[in-house]
Amino acid sequence: MKTRRSLGDRFAVSSPRISLMGSRDRTDTDTARTQEWHRNPAPLERPARSGELIRLRQQFRREATERRDRRSGDRRLRVLAYSLVLSRSARPDEDWNTLQIEAEQRGYAMGARFHDVAVPVTTTCLPGSRAGCGVYTPPWKRPGWGEVERLIRGGFADGVIVLDRHNISSDDDEYRAVVKELGERYQAFIHLVIPEELSGPT
């Protein structure tokens, strides 16, 4: 019984929706623990959600490739480069080098490069809220990302290449919304150097 309780305590912090405790004999401590679960991300559910995000992202890349092949099979897919740096003094040069190498290996033609400075979000997300809870300002409020979208919307690029999904958003719903917006509205794709399932959580 002691082992089960300590295992439950370990999962209490990391898993908001999985409870190893029974519904009988609930105490104030159990209620507080349940409330805490709803405030934290669910790493045990992340692989399933990451799989969905990967499939969605790859679907839009496949569609972009098929469109390119129908129009002119010899043209390379055109991508913009995007990076999110952690301070105003930081330079994205190392990211640019990595993105350039990845683009060459994938056969993309890399165009303009954009970056934003990460601005932490200080608002608290309520349990059950559908609003995005990313660590940094949402991409649609960043000037660099705005330029990426503007050029894609204008047909100057087929997609955008970034280091990992956290350069866009650490929040699953927010990130998914960006992938869908680019894919469904602009027929563009996002290419990640580090796929979703390998990225480090918050």
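Visitor: What makes Arg78 and Asp158 a salt bridge?

Guide: The closest N and O atoms of Arg78 and Asp158 are 3.3 Å apart. A salt bridge requires a side-chain nitrogen of Lys or Arg within 4 Å of a carboxyl oxygen of Asp or Glu, so the pair Arg78 and Asp158 qualifies. Please note that this is a predicted model, in which local features need pLDDT of at least 70 and side-chain atom pairs count only at pLDDT 80 or more, while totals for chains, interfaces and linings use all residues. Residues are numbered from 1 along each chain as its sequence is written, and side-chain values use heavy atoms, with hydrogens and water left out.

Visitor: Why is Asp158 called buried, and why is Arg78 called partly exposed?

Guide: Buried means under 20% relative accessible area, exposed over 50%, and partly exposed in between (1.4 Å probe, protein chains only). Asp158 has 11% and is therefore buried, whereas Arg78 has 27% and is therefore partly exposed.

Visitor: How do you know that Arg57 and Glu196 form a salt bridge, and are they buried or exposed?

Guide: The closest N and O atoms of Arg57 and Glu196 are 2.8 Å apart, which meets the criterion for a salt bridge. Arg57 is in helix 3 and Glu196 in the segment after strand 4, so this pair links parts 139 residues apart in sequence. Arg57, at 7% relative accessibility, counts as buried, and so does Glu196, at 2%.

Visitor: Where do Glu102 and Arg106 lie?

Guide: Both lie in helix 4, 4 residues apart, about one turn of the helix. Glu102 is buried, at 10%, and Arg106 is partly exposed, at 49%. Elsewhere, salt bridges with shared partners join Arg75, Arg78 and Asp158 into one network. The structure holds 9 salt bridges.

Visitor: What makes the interaction of Asn167 with Asp164 a polar contact?

Guide: The two side chains make this contact at 3.0 Å. A polar contact is a pair of N or O atoms within 3.5 Å; within protein, one must be able to donate a hydrogen and the other to accept it, and residues adjacent in sequence count only if both atoms are side-chain atoms. Asn167 lies in the loop between strand 3 (159-162) and helix 6 (172-186). Asn167 is buried, because its relative accessible area is 7%.

Visitor: Which residues have the most contacts inside the largest nonpolar core?

Guide: They are Tyr82, Trp145, Val148, Ile152, Val160, Leu182 and Ile190, in a core of 35 residues. A nonpolar core is a set of buried Ala, Val, Leu, Ile, Met, Phe, Trp, Tyr and Cys residues joined through side-chain atoms within 4.5 Å.

Visitor: How many bridges join strand 3 to strand 4?

Guide: There are 4 bridges between strand 3 and strand 4, which run parallel. Two strands pair if DSSP finds at least two bridges between them, so strand 3 and strand 4 are paired.
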